[in-house]
Amino acid sequence: MEYNTPEQLYKAFTDASRNRSRELGHFRTAWKDPQTHSILDRAKKSSEESSDLSAALQVQQYGWTEEYLQEAKQAGVIQVRGTNTGVDGGDAEEEDGTATVNDFKQAHPSWQVERDESSNNITISFRIPTLTMTFVVSRELDAAGYLLRILGANPWSSAINRCLASRPRQHNLAYTLEMVAAYSSGRTNPCAACGKLADGSSDWLMPSARRSKAGKNEGSVKGMIWEPFHEKCL
Ligand SMILES: [Zn+2]
């Protein structure tokens, strides 16, 4: 930039100084913010527990907000232009997911699907050969999404719970319920990645994860195809 007069140069200099000073002010405010401190405290505590950051390299760097908004819109958690878009972008759905749960009940009439009125937890129970599987879907206040876990204390249910915790689309109730349903295929389907039934560990674990790929109805939760995976093959 050229300056024709000393006044122009002086003005450019003072404007730049003022802007930097303002930015510094914003930074100072953000730095003193309790939210910033809670994040820093958490990061410090976490790095004290384990300084291994290699897992972070597998997390995508961009698109978190967009993904969250997309999921939240689909799950009816947030409203778009005053109307709910519903689970599949179709029919309107209540914010608490009642319609989604009722749909799920109708699709699986022989399963036990119950919603506790006080806690709002959804318990789903069904039998596969030699075993009854019971899952609980819960949503805690301010939580980022739905919590999904299987009841039981054995190596397979522990592995399933780890796989459920890392599942995608945790804000989408319909997707969460469909993942539960995917476990009704039982324990006799081999892993889609390695083609084996047992994972080769000393516990001989069957595929403990279910992951979806888009089916015929592109984008629809109900048309998805679910495949079994070992935890180590995810
Ligand atoms: Zn495998």
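Predicted model: local features only at pLDDT ≥ 70, side-chain atom pairs only at ≥ 80, totals over all residues.
A few ground rules: residues are numbered from 1 along each chain as its sequence is written, and side-chain values use heavy atoms, with hydrogens and water left out. Local features need pLDDT of at least 70 and side-chain atom pairs count only at pLDDT 80 or more, while totals for chains, interfaces and linings use all residues.

The structure holds 6 aromatic pairs. Rings of Phe, Tyr and Trp (its six-membered ring) pair if their centres lie within 6.5 Å; planes under 30 degrees apart are stacked, over 60 edge-to-face, and the rest tilted. Two of the pairs are set out here.

| Pair | Centre distance | Plane angle | Type |
|---|---|---|---|
| Phe27 and Trp31 | 6.1 Å | 20 degrees | stacked |
| Tyr175 and Trp226 | 5.2 Å | 50 degrees | tilted |

Phe27 and Trp31 are 4 residues apart in helix H1 (residues 6–32), so about one helical turn separates them. Helices (H or I, at least four residues) and strands (E, at least two) are DSSP runs, numbered from the N terminus. Phe27 is exposed at 53% relative accessible area, and Trp31 is partly exposed at 45%. The cut-offs are under 20% for buried, over 50% for exposed and in between for partly exposed (1.4 Å probe, protein chains only).

Tyr175 and Trp226 are both buried. Tyr175 belongs to helix H6 (residues 173–182) and Trp226 to strand S6 (residues 225–229), so this pair ties together parts 51 residues apart in sequence.

Elsewhere, Phe104, Trp111, Phe126, Phe135 and Tyr183 make up one aromatic cluster.

Now for the charges: one sits over a ring if NZ of Lys or CZ of Arg is within 6 Å of the ring centre and within 35 degrees of the ring normal. Arg139 lies over the face of Tyr146, 4.4 Å from the ring centre, and the charged end of Arg187 sits over the Trp156 ring, 5.3 Å from its centre.
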